[in-house]
Amino acid sequence: MNKPLTAPLPASLLETLAHYDTPTICNAMEIVAPERRLIGYTTKQLICLFPDLPPIVGYARTATIRSVVQSGLPPAERSKTLIEYYEYVGTGFGRRIMVIQDLDGSDIGYGAFWGEVNSNVHSALGCLGVVTDGSIRDVPQWAHGFQALAGSIGPSHGWVHAESFGGQVRVAGMTVRSDDLIHADRHGAIVIPIDVAEKLPAAAELCGRREQPILEIARSADFSLEKLTAALKRSAEIH
């Protein structure tokens, strides 16, 4: 396996970002990169296999899969391609998140690429989890601590195989390129541009401070529209 490349961001920053849930990161992105308010995150619901796991933050490893047709490659070439895929997965910047697009169109999710074997192999290769519009299986045997956001759960893998890897993919409305920084949790996932990542913790804290006056009134036994109006005014004044 090749030696991992130097990451563009310090690992400590990724650890800090993982302290916030994905909706909070989306809120913070609206402050630091308002032009991305309608792009860069999942817009279709995915099944979260382990909703109690904390958020994951890592660099994308991308691939496309198919399962309703067989690979056209001979056995030796299929084995070689699989090893090349795993080599790609195991290299890159620090911790990684798989983002895999199912190309089967109306038959999307027909066969599962992800199950007991691939969850454990990818975890061993340094991945934190997977975001895919395809299907997953073998839930009880899944790799411990390996997060999964998937389009469906199914029993079979059909003729599933990787069609390509390392290119651009689109999963649940989110366009991702290899090495993009991804933040994901039970709600979905978002691409974080490298050039704004360091601004997000401060923006996330600002979002929290702005919400606090409103939440205090909303949760109070003394709630009234008058007090809510005053809280909204105080919130707007927080910078």
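This is a short tour of the structure above, one selection at a time.

**Before you start**

The model is predicted, so local features here need pLDDT of at least 70 and side-chain atom pairs count only at pLDDT 80 or more, while totals for chains, interfaces and linings use all residues. Residues are numbered from 1 along each chain as its sequence is written, and side-chain values use heavy atoms, with hydrogens and water left out.

**Stop 1: the whole chain**

Show everything. The secondary structure comes to 6 helices and 13 strands. These are DSSP runs, numbered from the N terminus: helices are H or I with at least four residues, strands are E with at least two. The C-alpha atoms fill a box of roughly 70 × 35 × 30 Å along the principal axes. Of the 239 residues, 44% count as buried. Buried means under 20% relative accessible area, exposed means over 50%, and partly exposed lies in between (1.4 Å probe, protein chains only). Contacts are heavy atoms within 4.5 Å. Among contacts with a separation of 6 or more, 75% are between residues 24 or more positions apart.

**Stop 2: helix 2**

Select residues 22-32, which form helix 2. Which residues of helix 2 are buried? They are Thr-22, Ile-25, Ala-28, Met-29 and Val-32. These residues lie on the same side of helix 2, because they cover an arc of only 110° around the axis. The arc is taken from the directions from the helix axis to the C-beta atoms. An α-helix has 3.6 residues a turn, so residues three or four places apart point the same way.

The buried residues of helix 2 pack against helix 1 (11-17), strand 12 (181-185), strand 13 (188-192) and helix 5 (200-218).

**Stop 3: His-183**

Stay with strand 12 and pick His-183. His-183 is buried, at a relative accessible area of 0%. Its side chain makes a polar contact of 3.0 Å with the side chain of Thr-22. A polar contact is a pair of N or O atoms within 3.5 Å; within protein, one must be able to donate a hydrogen and the other to accept it, and residues adjacent in sequence count only if both atoms are side-chain atoms.

**Stop 4: helix 2 against helix 5**

Show helix 2 and helix 5 together. They pack at an angle of about 105°, with axes 8 Å apart. The two helices are therefore roughly perpendicular, a label for angles of 65 to 115 degrees. Axes are lines fitted to C-alpha atoms, for helices over the stretch in contact, and angles run from 0 to 180 degrees between N-to-C directions. Among the residues that meet are Ile-25 and Met-29 in helix 2, and Leu-200 and Cys-207 in helix 5.

**Stop 5: Thr-42**

Move to the loop between helix 2 and strand 1 (47-48), and select Thr-42. Thr-42 is buried, at 13% relative accessibility. Its contacts include Val-171, Met-174 and Gly-188.

**Stop 6: two loop residues**

Most residues other than glycine have a negative phi. Asp-138 has a positive phi, near 60°. Find Asp-138 in the loop between strand 6 (135-136) and strand 7 (147-150). Asp-138 is partly exposed, at 26%.

Next, Asp-179 has a positive phi of about 80°. Asp-179 sits in the loop between strand 11 (174-176) and strand 12. Asp-179 is partly exposed, at 27%.

**Stop 7: Lys-233**

Finish in helix 6 (residues 225-236) with Lys-233. Is Lys-233 buried or exposed? Lys-233 is exposed, with a relative accessible area of 53%. A polar contact of 2.6 Å joins its side chain to that of Glu-237.

Key:
Parallel < 35°, antiparallel > 145°, perpendicular 65-115°, else oblique.
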